[in-house]
Amino acid sequence: MYSLLPLCALLIVCARARPPAASSVSSSSDSPTFSLSNQPFRTEQFGQSLTSELEGNPPLWVTRRPGAHGREEIFINNARIIEGSNYESPFGTNENDRKIQVLHKISEVLEPVQARGNELIYNPDAMQFLNKSESLNLGRHRIRTFHHRVRMVEKDNVFSAEGKYTFFIPIDDGFKPSHRASKIDKQVIDGHVIPNHVLFTAPTPSNKPYETLAFGDNLKVTITFSTEHTDKGVDKYYIKSDTLMGDSQHPSASVLAEIVKANIPVKNGVIHLIQNPLMVVDTTVQEFIQV
């Protein structure tokens, strides 16, 4: 006779529910399930990700960084774990059915990728996100142009690769004038992807350069994050590509872009929608400031 260990659950709830900022994904009825995991871990047991209970089991990405007074800060996607976490409680109707759940309080609601209408899309990778973008709830933003260029230059594998990535996808409004689209070649697409890091806006330090896939012997491109604190109390987030070593098609320059929709979690990392393409030098930092 075999004895099965009791099932366990990790429950993550929001400490103070509030409407998402303009750069966040809209609310969804799937959010409560996205905040549940079948792993009853305390914070010290967290790995690089947790498995959510949402259909398809999309990951919940874990970020650790140094905090004030020597304390470590832990984020689940873009939500910071706050005081009052690691609360363990048993539940179950009898001793044989006894389970353990662990409660963690977080600073904002966790939002999964959301479809419009009756479309069912669970746990997509970044390429599936691009392929299904017309069926996703992205507000007024469209990403057809960048998607078309990815397919045209056969860079699908970059967005479907397993692992940990941060993807920056420019919206269609950023391809004006129209000749910008023709500049999106394989190297420029690589310059929109940071490998080995899943970078959400809240825990990512400002002005720290991260190497992109376009960082090799002949071309070296990094990306940095920055934050603007506005009078309205809503932070604006920007990224800047720096082509440290260029070539005839990709001059050495810096290009700034606002993140217009941030922190969209996918199977292989996180996606940020940005106002304009990176590495395309007709919008340099100086020109951006003068607009």
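## Mixed sheet and aromatic cluster

An open sheet of 7 strands with mixed pairing runs in the order β10-β9-β15-β14-β13-β12-β11. Strands are DSSP runs of E with at least two residues, helices are runs of H or I with at least four residues, and both are numbered from the N terminus. Two strands pair if DSSP finds at least two bridges between them. At the edges stand β10 (193–195) and β11 (210–215), each with a single partner strand, so one side of each is left without a neighbour in the sheet. From one strand to the next, the twist averages 30°; axes are lines fitted to C-alpha atoms, and angles run from 0 to 180 degrees between N-to-C directions.

The model is predicted: local features need pLDDT of at least 70, side-chain atom pairs count only at pLDDT 80 or more, and totals for chains, interfaces and linings use all residues. Residues are numbered from 1 along each chain as its sequence is written, and side-chain values use heavy atoms, with hydrogens and water left out.

**Strand pairing**

| Strands | Sense | Bridges | Residue pair |
|---|---|---|---|
| β13 (residues 235–245) and β14 | antiparallel | 5 bridges | Ser241 and Val255 |
| β14 and β15 (residues 269–274) | antiparallel | 5 bridges | Ile264 and Ile271 |

A hairpin joins β14 to β15 through 2 residues. Of the 13 residues of strand β14 (residues 254–266), 11 are buried, so this strand is largely enclosed by the rest of the structure. Buried denotes under 20% relative accessible area, exposed over 50%, and partly exposed in between, with a 1.4 Å probe and protein chains only.

**Aromatic cluster**

Rings of Phe, Tyr and Trp (its six-membered ring) pair if their centres lie within 6.5 Å; planes under 30 degrees apart count as stacked, over 60 as edge-to-face and the rest as tilted. By this rule there are 4 aromatic pairs. Phe146 and Phe159 are edge-to-face, because their ring centres lie 6.1 Å apart and their planes stand at 80°. This pair links distant parts of the chain, with Phe146 in helix α3 (residues 144–152) and Phe159 in helix α4 (residues 156–160), 13 residues apart. Phe159 also forms a stacked pair with Phe167, at 5.3 Å centre to centre and 25° between the planes.

One aromatic cluster is formed by Phe146, Phe159, Tyr165 and Phe167. Phe146 is buried at a relative accessible area of 0%. Phe159 is buried, with a value of 0%, and Phe167 counts as buried at 0% relative accessibility.
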